[in-house]
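Here's a walk through one protein model, from its core out to its metal site and sheets. Have the 3D view open as you read.

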Amino acid sequence: MHRPDPHSHYDAAQPKARRLRLKLEVDFAAKRIAGEVVLEFGGPVSGPLDLDTKGLEILAVDAPGKGSLPWELGEADPILGSRLRVTAPAGTQEVAIRYRTAPDAMALQWLDPQQTEGKVAPYLFSQCQQIHARTMVPCQDTPIARVSYQAEVTVPEGLTAVMSAGPDGDEATGDGRHVFRFTMPQPIPSYLLALAVGRLESRDLSPRSRVWAEPETVEAAAWEFAGVEEMIVKAEGLFGPYPWDRYDMLVLPPSFPYGGMENPRMTFLTPTLLAGDRSLVDVVAHELAHSWTGNLVTNASMEHFWLNEGFTVWAERKILRTLHGDDAAALGWATGQKALEDSLERFKKEPHLTVLRMHLEGIDPDDAFSSIPYEKGARLVAALEREVGEARFQRFLREYMDAFRFTSITTEQFCAFVGEKLPGALAAVNATAYLGEPGMPATAPQFHSAQLDGLTALAEGWGGGQRPTEAQIAAWTPSELLVYLQKLPRQLTQADCAWLDAHFKLMDRGNHEILVEWLTLAAAADYEPAFPRIREVLIRVGRMKYLRPLYGALGQHARTRALAREIFAAASPGYHGLSRRVVASVLESYPS
Ligand code: BES
Ligand code: ZN
């Protein structure tokens, strides 16, 4: 027995499924999916097959045409779920499992009409990364085992289903339901399985890209993301031809717990990106870049998550630089630096979670999640690029993509490859300090621009009475304002808050990065005029990146703690399970 992924029951000594055939019936009344999955092995296999499940009710297991197979569900582990062991007789080519998902399946959020923009129809979306695919489909839920898939999804008539796959026709069933078919011909890791069902419309953005959203937001989404084709072209310049045929996007309801999720052929996005001024499209650049770094070349397990995210952040800023110039990229790195420092602070008592190559046996990957794999990882990539030069690094990237396309790799495989192609580079940048040691190496690359240094100096002068001029206030882009706010002292007075709000009109910002940075400062200052807006944002938005700092800042004063508890009580039924968990842990850390 050899279990290469600490977060999966997958046994590398057993056969791997090559392809999945899914039939999913979406039942909004019961908040369940009735599912059937056929695992195709691409040839005869036999013996025990260990699959991951969590909260699934297994109804039947058989070899199609050959009758039922013996199976046994192991004890439920709080992180891993239950191992489903199927015993396949010699010659088995396919295993079919009928099952039902649990109403509280972590991968699925079931929304009432009230929680959608249109308020007339329910909505369902999935989020399988890190290890939640097993709450939706019994499978080898590890990125080491890649599968292609086809799916048939039955939904109430009037609703539309989309998946991380190509559409393959749809038809009415004649009994008030509608079937949508999908095919994903390329092999993907299970965490990229994705489904959403709702009242959806789409707008074309280019011959290979369209955006989906509820009818109420689809025009705004099409405007906000109109530049996506230009980004695809830039990304192709970095990594080679786009490998997934189409790049479509879905704008979800506001409870979506992430900013974006790189589901192949259908990136999922938070509606908080609809700032009205295209100022948050770096998230699209990021999810798009995952089409190569993450989806094409994938981390072998969550212990190597930095290979996905570090490379992708680096690529996102590279795209940003070619589109908007050096200053814009420097501001991106500065925002990342702030996120990195916050995460290092959060994990100061858990230094093992600040190394890039993690050891996560017994640790829930959602608990290990932070900006460290993103920002420390991106700095390692940038250091390698600086070491060998932009042109050589560019060629290296192509070689890397060619060598590992459609595979899932470890940090050790990556290092061996760098050692071969860029001899001496790992040692020159002190890669072991990034990969194996906590905190940040002193030699990590720094990112500067005159503009960034000016903003930093101005913000650092706040306590000494320095303030931006009217001209600066009028001229700053959203990213400049964001960096300025991030560099201000964390503990402002109420008079400071009043000054900021009066001069920057912060309460009505459509850019949620700015809005939440401001509300976090206001919460920490116990600034009462901001309370109604804090409540509105926390009730509407479930993006964890915003919930953690905002609820965190509310922990500093007795009155804001009471506010936080009251808001959480009201908001929590509308939150995704993941968001609920994060906020509960923040509230538990409050002084009582
Ligand atoms: N793949 C991640 C989202 C994710 C990470 C989901 C871990 C589940 C577990 C996605 O690509 C991401 O990083 N999103 C960021 C965007 C940002 C870095 C531009 C987000 O959601 O904020
Ligand atoms: Zn990412």
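## Core, zinc site and strands

Start in the middle: the largest nonpolar core has 149 residues, and among them F225, Y400 and F414 touch the most other members. A nonpolar core here is a set of buried Ala, Val, Leu, Ile, Met, Phe, Trp, Tyr and Cys residues joined through side-chain atoms within 4.5 Å. Buried means under 20% relative accessible area, exposed over 50% and partly exposed in between, with a 1.4 Å probe and protein chains only. A second, separate core of 55 residues includes A330, I473, L488 and L554.

Some ground rules: this is a predicted model, where local features need pLDDT of at least 70, side-chain atom pairs count only at pLDDT 80 or more, and totals for chains, interfaces and linings use all residues. Residues are numbered from 1 along each chain as its sequence is written, chains are lettered from A and ligands numbered from 1 in the order in which they are written, and side-chain values use heavy atoms, with hydrogens and water left out.

Back to F225. Leaving aside neighbours within four places in sequence, its contacts (heavy atoms within 4.5 Å) include M249, V251, L269 and V284.

Now for the sheet. Five strands make an open, mixed sheet in the order β14-β15-β16-β18-β17, with β14 (201-206) and β17 (260-261) as the edge strands, each pairing on one side only. Helices (H or I, at least four residues) and strands (E, at least two) are DSSP runs, numbered from the N terminus, and two strands pair if DSSP finds at least two bridges between them.

| Strands | Sense | Bridges | One bridge pair |
|---|---|---|---|
| β16 and β18 | parallel | four | M249 and T267 |
| β1 and β9 | parallel | seven | L24 and V153 |
| β9 and β12 | antiparallel | nine | V153 and F180 |

β18 is covered on both faces: M266 and F268 on one side, T267 and L269 on the other, all buried. In a regular strand the side chains alternate between the two faces of the sheet. β17 and β18 form a hairpin with four residues between them, and R265 in the turn has a positive phi of about 70°. As for β9 (residues 147-156), seven of its ten residues are buried, so β9 is largely enclosed by the rest of the structure.

Helix α3 (residues 282-289) lies across β16, β17 and β18, at about 145° to β18. That angle is between N-to-C directions on a scale from 0 to 180 degrees, with axes fitted to C-alpha atoms, for helices over the stretch in contact. G276 sits in the loop between β18 and α3 and is in contact with W223 and E224, leaving aside neighbours within four places in sequence.

Which residues coordinate the zinc ion (ligand 2)? They are H286 and H290, both through NE2, and E309 through OE, at 1.9 to 2.7 Å. Donors are N, O and S atoms within 2.8 Å of the metal (3.2 Å for Na, K and Ca), and water is not among the atoms, so sites may look incomplete. In sequence the donor residues are spaced H-x3-H-x18-E. H290 lies in the loop between α3 and β19 (297-299) and E309 in helix α4 (residues 305-324), so the pair ties together parts 19 residues apart in sequence. H290 is buried at 0% relative accessible area, and E309 is buried too, at 2%.
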